[in-house]
Amino acid sequence: QVQLVESGGGLVQAGDSLRLSCTVSGRTFSSFAMGWFRQAPGKEREFVAAINRSGGVAGYADSVKGRFTISRDNAQNTVYLQMNSLKPEDTAVYYCAADTRLVTFSTRGYNYEYWGQGTQVTVSS
């Protein structure tokens, strides 16, 4: 049984940084492409960042490019999202997602088979 557990969310001020973690169990971590998505109240879920199985290729939403960095440690079964220069509009529940079928990664949530429970990130102005 595959499980994804996110951690690292919290309440911060604009301009601060946070690092989210997502630890995967139940299957060989390096077989998964990984993604981060977020959903703000009243809005649809949106793509944030994704990374391929080896960690050599990553992609970002335009809204976070240059501020967020996705990385992974296959020995620790964990994917990270380093978030710098946070803005109030980054406030959302952040979800990690995993899939074994993707050749690199996808920006579309429906392409991911496994999801975590989410972690809340709140950025005050």
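Cysteine 96 is buried (under 20% relative accessible area, with exposed over 50% and partly exposed in between, using a 1.4 Å probe and protein chains only), at a relative accessible area of 0%. Cysteine 22 is buried too, also at 0%. The model is predicted: local features need pLDDT of at least 70, side-chain atom pairs count only at pLDDT 80 or more, and totals for chains, interfaces and linings use all residues. Residues are numbered from 1 along each chain as its sequence is written, and side-chain values use heavy atoms, leaving out hydrogens and water.

**Disulfide**
- Cysteine 22 and cysteine 96 form a disulfide, S to S 1.9 Å; the rule is a pair of cysteine sulfur atoms within 2.5 Å.
- The count comes to one disulfide.
- Cysteine 22 lies in strand E3 and cysteine 96 in strand E9, 74 residues apart.
- Strands are DSSP runs (E, at least two residues), numbered from the N terminus.
- The link is right-handed, with 50° about the S-S bond.

**Nonpolar core**
- A nonpolar core is a set of buried Ala, Val, Leu, Ile, Met, Phe, Trp, Tyr and Cys residues joined through side-chain atoms within 4.5 Å.
- The largest one has 37 residues, and Leu4, Met34, Trp36, Leu81, Met83 and Tyr94 touch the most other members.
- Elements giving two or more residues to this core include strands E3 (18-25), E7 (68-73) and E9 (92-99).

**Strands E7 and E8**
- E7 and E8 run antiparallel, joined by six bridges; pairing needs at least two DSSP bridges.
- Serine 71 stands opposite tyrosine 80 in E8.
- On E7, Phe68, Ile70 and Arg72 point to one face and are buried.

How values were computed
Helices (H or I, at least four residues) and strands (E, at least two) are DSSP runs, numbered from the N terminus.
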